[in-house]
Amino acid sequence: MFWLIVALLIILDQAVKFFVMASMELGHSVPVLPGIFHITYIQNPGAAFGILAEQRWIFIIAGVLIIGAGVFFFKRLEKESAWIYYGSSLLLGGAASNLIDRIWLGKVIDFLDFRVWPVFNTADIAICVGVGAILYAMLMDEWKEAHQA
C-alpha cells in the first residue's frame, strides 16, 4: 500500500500540474470562488513561500535524500504505527513529485491560491499532512511514555 500511495500521489500531482501548464499562461489566475480560491499558475524557484529562490541543487539533494531515506527505512516503516507509515508515504510522494518538477523544469509548479496564503500544489499538501502525521505519532508516543508511571 505504501508504494501505491506514493505512485498515485505522483501521478495525480504531475497530471494536474501538466493540465495547468498546458491550459494556462504563466501568472494567469482563474477565480473558482472569487476573492477566496483561485487556480493561479506560477513557477516557484524556491521552497515554501519562495525562500531560497534559485537554490535548485539544494532542493534536488534534499529530495533525493528524502526518497533514499524512504527506501532505506521502508521495512522499518512497515512495523510502525499507521500514522508514521501513511505519513511517510505522503511525505515521500510529495517530495518525489516536487523533485520531478525541479529536475525537469528547475522550478516547482504551484496553482492552488487561497489569496491569503502563498500559492501551493497538491504535493505540498501531501508533504505537510505527512509531516503532521509523523509528528503526531511521535508526540503521542512521548506522551504515552511520560504517563505510563
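Contact here means that heavy atoms lie within 4.5 Å of each other. In that sense, the buried residues of helix 5 are covered by elements that include helix 1, helix 4 and strand 3 (108–113). The model described in this briefing is predicted. The protein contains 5 helices and 3 strands, which follow one another along the sequence in the pattern α-β-β-α-α-α-β-α.

**Overall form**

- Taken along the principal axes, the C-alpha atoms fill a box of roughly 60 × 30 × 30 Å.
- The protein has 149 residues, of which 37% count as buried.
- Among contacts between residues at least 6 apart in sequence, 66% join residues at least 24 apart.

**Helix 2**

- Helix 2 covers residues 56–72. Its 17 residues should span 24 Å at 1.5 Å a residue, and this agrees with the 24 Å between its end C-alpha atoms.
- Phe 59, Ile 60, Gly 63 and Gly 70 are the buried residues of helix 2. Because they cover an arc of only 105° around the axis, they lie on the same side of the helix.
- These buried residues pack against helix 3 (74–77) and helix 4 (82–105).
- The exposed residues Trp 57, Ile 61, Leu 65 and Phe 72 are carried on the face of helix 2 that is turned away from its buried side.
- Ala 69 also belongs to helix 2. With a relative accessibility of 32%, Ala 69 is counted as partly exposed, since that class lies between the 20% limit for buried residues and the 50% limit for exposed ones.

**The packing of helix 2 with helix 4**

- Two packed helices are described by the angle between their axes and the distance between the axes.
- For helix 2 and helix 4, the angle is about 145° and the axes are 9 Å apart.
- The crossing of helix 2 past helix 4 is left-handed.
- On the helix 2 side, the residues that meet helix 4 are Arg 56, Phe 59, Ile 60, Gly 63, Val 64, Ile 66, Ile 67 and Gly 70. Their counterparts in helix 4 are Leu 91, Leu 92, Ala 95, Ala 96, Leu 99, Arg 102 and Ile 103.
- The C-alpha atoms of Ala 69 and Leu 92 are 9.1 Å apart in space, while the two residues are 23 residues apart in sequence.

**Helix 4 and what follows it**

- Gly 106 follows helix 4 and has a positive phi, near 80°.

**Nonpolar cores**

- The largest nonpolar core has 10 residues, namely Phe 2, Val 6, Ile 10, Phe 74, Leu 77, Ile 84, Tyr 85, Leu 92, Ala 96 and Ala 137.
- At least two residues of this core come from each of helix 1 (2–23), helix 3 and helix 4. Helix 4 gives the most, with 4 residues.
- Phe 2, a member of this core, is in contact with Phe 74, Leu 77, Tyr 85, Ser 88, Ser 89 and Leu 92, leaving aside its neighbours within four places in sequence.
- A second, separate core has 8 residues, among them Met 24, Phe 37, Phe 111 and Leu 112.

**Helix 5**

- Helix 5 (residues 122–146) has 25 residues. From its first C-alpha to its last it reaches 36 Å, close to the 36 Å expected at 1.5 Å a residue.
- The buried residues of helix 5 are Thr 122, Ala 123, Ala 126, Gly 130, Ala 133, Ile 134 and Ala 137. Ala 137 is also listed in the largest nonpolar core.

**Strand 2 and Ile 42**

- Ile 42 is located in strand 2 (residues 37–44) and is partly exposed, with a relative accessible area of 28%.
- Leaving aside neighbours within four places in sequence, Ile 42 is in contact with Leu 26, Val 108, Ile 109, Asp 110 and Val 119.
- Ile 42 and Met 24 are 18 residues apart along the chain, and their C-alpha atoms are separated by 9.9 Å.

**The loop between strand 3 and helix 5**

- Arg 115 is found in the loop between strand 3 and helix 5, where it is partly exposed with a relative accessible area of 43%.
- Most residues other than glycine have a negative phi. Arg 115, although not a glycine, has a positive phi of about 65°.

Conventions
Residues are numbered from 1 along each chain as its sequence is written. This is a predicted model: local features need pLDDT of at least 70, side-chain atom pairs count only at pLDDT 80 or more; totals for chains, interfaces and linings use all residues. Side-chain values use heavy atoms; hydrogens and water are left out. The expected span of a helix is 1.5 Å times one less than its number of residues. Buried means under 20% relative accessible area, exposed over 50%, partly exposed in between (1.4 Å probe, protein chains only). The arc is that of the directions from the helix axis to the C-beta atoms. A nonpolar core is a set of buried Ala, Val, Leu, Ile, Met, Phe, Trp, Tyr and Cys residues joined through side-chain atoms within 4.5 Å. Axes are lines fitted to C-alpha atoms, for helices over the stretch in contact, and angles run from 0 to 180 degrees between N-to-C directions. A crossing is left-handed if the near helix is turned anticlockwise from the far one by less than a right angle, and right-handed if clockwise.
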